[in-house]
Amino acid sequence: MSKILIVDDSMISRINLKKILLAEGHEVIGEASNGLEAVKKFEDLKPDIVTMDITMPEMDGLEALRNIMRSNPAAKVIMISALGQNNKILEALQSGAKNYITKPYEPSQVINIIKELC
Amino acid sequence: MQENIGRLAQKIHSFTLEETGKQVHALFEANQDLEGVVVLDNDKPAGIIMRTDFYQKLGKQFGFSLYMNRPVSIVMKKDFLLVDAATEISDISMRAMNRNNDSLYDFIVVEENEKYLGVVSIKQFLLDLAKKREEQIILLKSINERERAHREAIEEMHSSIRNLMDNAGQGFLSIDGNFAVSEQYSRECISIFGCEIGGTNFIDLISPYLNDDQRNTVPSILKEVFGGPEGAKVNVFLTLMPKELKIREKIIKLEYKVIENTGNKSLMLILTDITEKKELEQKMAEERNHLKLIVKAVSNQDDVISAIQRLREFFAKDAVFLLKSGQTKAMIVAELFRSVHTFKGDLSHLYLMNASSNLHKLEDSISAMSSRIDEISLKDLETFVSEVDVEGIIEKDVKVINDILGEDYFNECEHFLIPLDVILTLEQLASNILSKEDHDKLIPEIRKLRCHNIKEILRGFDDSIQNIALRLEKAVQSLAVKGDDVFIDKQKYQSFIKSLMHIFRNSIDHGIETPEQRVEIGKSETGKIDCEIKMGNDNSLTIIIRDDGRGIDYERIKKKAVEKGIYTSDSVRNLSSEQVADIIFLDEFSTKDSISIVSGRGVGLSAVRSEVERLGGIIKVKTEPGNGTEFIISIPLIY
């Protein structure tokens, strides 16, 4: 079971994802609603896995990812993207993201991707 | 190396002989990658149903109706390759290969002790053969003395694989780290790309068929696939490759697999032509629509005929009149747009889908005109209206009706068992002769002869509601209509009733949340729309249409009204919530940015309001954020 940080600017998305993760026995140790907050919470909480929405205000998911990877090359970050963002996903994977999930997703997709990373 | 086929068998979904085609269809729909299913008679395999066969049969004339509700035993293939689990794989390859071209790609069904064990798909079979072939090559390198014998065996196997690949009707090709296509590829590749492809650069080869986004990403993805250090992540990158491309007018499905042996990495591609499948799916959808059209045409002949008649009349008379009305060009275009939009809704309500989609295109042209209204002269507008080909717009749907119901369909006028004037005379007589008491008793009965219960009329919307919900991926319970029985003269209220469709559309599109969102906020997954009919003492009729959706977002409406220039940011602040609600009935207002065939142009609610006002009624809207919206319409009853 992993300690997970959820990063998404939409509260509904966060609640939804949290529900899926908790049901599977994971622990959600923190939530952030923008990139800046994500980087800070990552340093404070040291989660096993981060789920990172791509489009967010303040600092977007890509930049937050790069920030996190710079100081924590072993970080496990999964990107959450909307349809039609293939170029951004590619950039994220090249910058060190481990995998990605496209919205809307099935709970099983999330669970499987996290399982692969553990 | 000897191995049994049982090892490859995979248990897939099976049906009993009694289950229906509909259930098979549902399973295929839900599992797009499922190639086929097995039919069992108790535990014994009795037949197989391959997806392609199934939809080919369904695609034939009346195939849909013929197979959907009947047992799968009449649609399944009884002639299929059935082998015992202990059979050696090499024995089966020849038998599988020697099947007819049309069954070459069928499952091999495996049984054990005469009981169903599982199936082996040909793709899986091929991959297994290919893998074994690689293993054998490695083995050969270390055992010199056997080399010759083995090479012969491999060549034989190779040519079997080659034969299978060439006949599989799929393109197989592989590319190396320099993105060059290997000289070994299946024949189908030539027909897909229209040329020999050995040695060409893969990116150059597919580049003409990519969109801008893909053209930018594909080279980088391939670079990662071949250069990336991590094994598992390669597959993550591969998911970003195009899965479907239109290559030389054909729709091709692409699958990718990384093959790694002795330090050499290559990427194998499997290309499948799914054009026919897509066309069949489209044809099936069309057949379903036509069936609905015919049902409507039979049950609502007068509605269908009059809708078409009104469309013709609009362009022949009303539109011409409008052009000469002396209104501004902008107003004329707005009125044209609103009328076409309403016709579009009417026709789609009657399942004249081809006509409705033609009107959607016409709407696009009108909306393009309104955006450059200053460059257009009245003369241009006249030309535009005179060039609208009404017959062309309705041609396809009319032909469907004529083909099935006969040419006389449109020539017959609406007939009553009792001529209408007789009823009217009866009514007249009743008023003149009878006492007030008797008159009040009898009149409603006579009116029933020519009038319809509004509850019944409203229930008729349910079909369209379900249809729209489906298209917008929402779930809505079937329309509940309750309240008083009020009989109205359909003729007099026709255009008003049609306009109600706009309210339903709005509720589904803007009000009802997606099932996910609903569950999230603790509502039941399925949205609810209901109607209530009230007969007032003052001979008025009240219709309440309510939904349990998200309600109207007043702040969003205000913001939009300012953006659209309807109000200034100062004046909007002083509006009462009632005044804000009224904005949604304005011609130029819409809260959705995208335009869909279902709604979103915002003209809908304004059309309802003008219909209600034409009848001397009023429309109000009440909303409770998060809990739903209520449209309240009161109109006087006219007989």
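Tutor: Buried means under 20% relative accessible area, exposed over 50%, and partly exposed in between, with a 1.4 Å probe and protein chains only. This is a predicted model: local features need pLDDT of at least 70, side-chain atom pairs count only at pLDDT 80 or more, and totals for chains, interfaces and linings use all residues. Residues are numbered from 1 along each chain as its sequence is written, chains are lettered from A and ligands numbered from 1 in the order in which they are written, and side-chain values use heavy atoms, with hydrogens and water left out.

Student: Within what arc do the buried residues of α4(B) fall, seen down its axis?

Tutor: Helices (H or I, at least four residues) and strands (E, at least two) are DSSP runs numbered from the N terminus. In helix α4 (residues 89–97) of chain B, the buried residues are Ile89(B), Ile92(B), Ser93(B), Ala96(B) and Met97(B). They line one face of the helix, because the arc they fall within (taken from the directions from the helix axis to the C-beta atoms) is 125°.

Student: Which strands are at the edges of the open sheet in chain B?

Tutor: The sheet has three strands in the order β1-β2-β3 (chain B), with mixed pairing; two strands pair if DSSP finds at least two bridges between them. β1(B) and β2 (residues 36–41) of chain B pair in the parallel sense over three bridges. The strands that each pair on one side only are β1 (14–16) and β3 (44–50) of chain B.

Student: Which residue in β2(B) is the bridge partner of Thr16(B)?

Tutor: β1(B) and β2(B) are joined by three bridges in the parallel sense. The partner of Thr16(B) in β2(B) is Leu40(B).

Student: What angle does the direction of α2(B) make with that of β3(B)?

Tutor: Axes are lines fitted to C-alpha atoms, for helices over the stretch in contact (heavy atoms within 4.5 Å), and angles run from 0 to 180 degrees between N-to-C directions. Helix α1 (residues 21–30) of chain B lies across β1, β2 and β3 of chain B and runs at about 145° to β2(B). Helix α2 (residues 51–59) of chain B touches β2 and β3 of chain B, and its angle with β3(B) is about 65°.

Student: Which side chain does that of Gln494(B) join in a polar contact of 3.3 Å?

Tutor: Gln494(B) is found in helix α21 (residues 490–511) of chain B and is buried, with a relative accessible area of 17%. Leaving out residues up to four places away in sequence, Gln494(B) touches Asp303(B), Ser306(B) and Arg310(B). The polar contact (N or O atoms within 3.5 Å, one able to donate a hydrogen and the other to accept it; residues adjacent in sequence count only if both atoms are side-chain atoms) is with Ser306(B).

Student: How far apart are the closest N and O atoms of Lys41(A) and Glu37(A)?

Tutor: Both residues lie in helix α2 (residues 35–45) of chain A, four residues apart, about one turn of the helix. Lys41(A) is partly exposed at 28% relative accessibility, and Glu37(A) is partly exposed at 28%. Their salt bridge (a side-chain nitrogen of Lys or Arg within 4 Å of a carboxyl oxygen of Asp or Glu) has a closest N to O distance of 3.7 Å.

Student: How many residues apart in sequence are the parts tied together by Glu363(B) and Lys344(B)?

Tutor: Their salt bridge has its closest N and O atoms 3.4 Å apart. Glu363(B) is buried, with a relative accessible area of 0%, and Lys344(B) is buried at 3%. Glu363(B) lies in helix α14 (residues 353–371) of chain B and Lys344(B) in helix α13 (residues 329–349) of chain B, so the separation of the parts is 19 residues.
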